[in-house]
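Reader: I have a new model on my screen. Can you show me how to read its features, one at a time?
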Amino acid sequence: ILVAVLITALLARSAFCGWICPLGFIQDLISSFSTFLRKRLPSLRRAMKNLKARGARLAFLDRYLRLIKYGVLVWTVIGAAVYGFMVFRDYDPWSALINIAEFSFTPGIVVLGITLVASFFVERPWGRYACPLGAASGLLGKLSPVYLKRESEACKVCKICTTACPMGLPVHTATTITSVDCIGCLECVGVCPREGALEVKIGIPVIGQK
């Protein structure tokens, strides 16, 4: 799986996370269900709106919380090298999801449960903040020739693309979307009402821009 993810990252950045990852898919389902309920239950919509308003004061923490996954990646790699086994396995929600039929209670089950609950409030919480595989894919993806380009002349800056981004990236203000957190899902491209405003480009890797 790791080799497949890294090869994919070199070819198409973090497309594995956006198109293949089963845990990401489950998180998307829960987020979609949350949106469905908010649209049909006014009381829940008001509660979520109030919760979001209170949490806005802590929004600045988002950029720092995104660094956690790199710490997990370092711990995973160094721990495996030092101890000779995958130290992260017991805490891995991926592993817990795959082995859920065994009905064994592990730290990974706890992490999986927290991730699924958090998905009701935040899109892709595991990928945003803690996934070491996503961290490795994002870093290696910086070498990929594939990237998204926002054409400012065609863009109305309506923010629809930013709202649609499951990773919470400010797409509407970017010139080239080459963030390590971009999972290549193309949700932003799909909802953009302006033809040619957002396009997938292939060329020399753009490392220094966002």
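Reader: Start with strand S1. Is strand S1 (residues 146-150) largely enclosed by the rest of the structure or largely open, and why?

Author: One note before that: this is a predicted model. Now count the buried residues. Four of the five residues in S1 are buried, so the strand is largely enclosed by the rest of the structure.

Reader: Which strands pair with S1, and in which sense?

Author: The general idea is that strands of a sheet pair through backbone hydrogen bonds, either parallel or antiparallel. Here three strands make an open sheet, ordered S2-S1-S3, with antiparallel pairing.

Reader: How many bridges join S1 to strand S3 (residues 198-202)? And how many join S1 to strand S2 (residues 176-177)?

Author: S1 and S3 are paired over five bridges. S1 and S2 are joined by two. Then try Lys 149, whose bridge partner in S3 is Glu 199.

Reader: On to helices. Which residues of helix H10 (residues 132-140) are buried?

Author: In H10 the buried residues are Pro 132, Gly 134, Ala 135, Ala 136, Ser 137 and Gly 138. They pack against helix H1 (2-12), helix H2 (15-19), helix H6 (68-83) and helix H9 (125-129).

Reader: Take H1 and H10. At what angle do their axes cross?

Author: Two packed helices are described by the angle between their axes and the distance between the axes. For H1 and H10, the axes come within 8 Å and cross at roughly 30°. The two helices are therefore roughly parallel to each other. The crossing is right-handed.

Reader: Which residues of H1 and H10 meet?

Author: From H1 come Leu 2, Val 5, Leu 6, Ala 9 and Leu 10. From H10 come Leu 133, Ala 136, Ser 137 and Leu 140. Ala 136 and Ser 137 are also among the buried residues of H10.

Reader: Now cysteines. How many disulfides does a search of the whole structure find?

Author: A disulfide is a covalent bond between the sulfur atoms of two cysteines. The search finds zero.

Reader: Last topic, the backbone. What is phi of Arg 124 near, and what is phi of Lys 159 near?

Author: Most residues other than glycine have a negative phi. Arg 124 has a positive phi, near 50°. It lies in the loop between helix H8 (107-118) and H9. Lys 159 also has a positive phi, near 70°. Its place is the loop between S1 and helix H11 (160-164).

Reader: Is Arg 124 buried or exposed?

Author: Arg 124 is buried, at 5% relative accessibility. Lys 159 is partly exposed, at 45%.

Definitions and conventions
Residues are numbered from 1 along each chain as its sequence is written. This is a predicted model: local features need pLDDT of at least 70, side-chain atom pairs count only at pLDDT 80 or more; totals for chains, interfaces and linings use all residues. Side-chain values use heavy atoms; hydrogens and water are left out. A disulfide is a pair of cysteine sulfur atoms within 2.5 Å. Buried means under 20% relative accessible area, exposed over 50%, partly exposed in between (1.4 Å probe, protein chains only). Two strands pair if DSSP finds at least two bridges between them. Contact means heavy atoms within 4.5 Å. Axes are lines fitted to C-alpha atoms, for helices over the stretch in contact, and angles run from 0 to 180 degrees between N-to-C directions. Angles under 35 degrees count as roughly parallel, over 145 as roughly antiparallel, 65 to 115 as roughly perpendicular and the rest as oblique. A crossing is left-handed if the near helix is turned anticlockwise from the far one by less than a right angle, and right-handed if clockwise.
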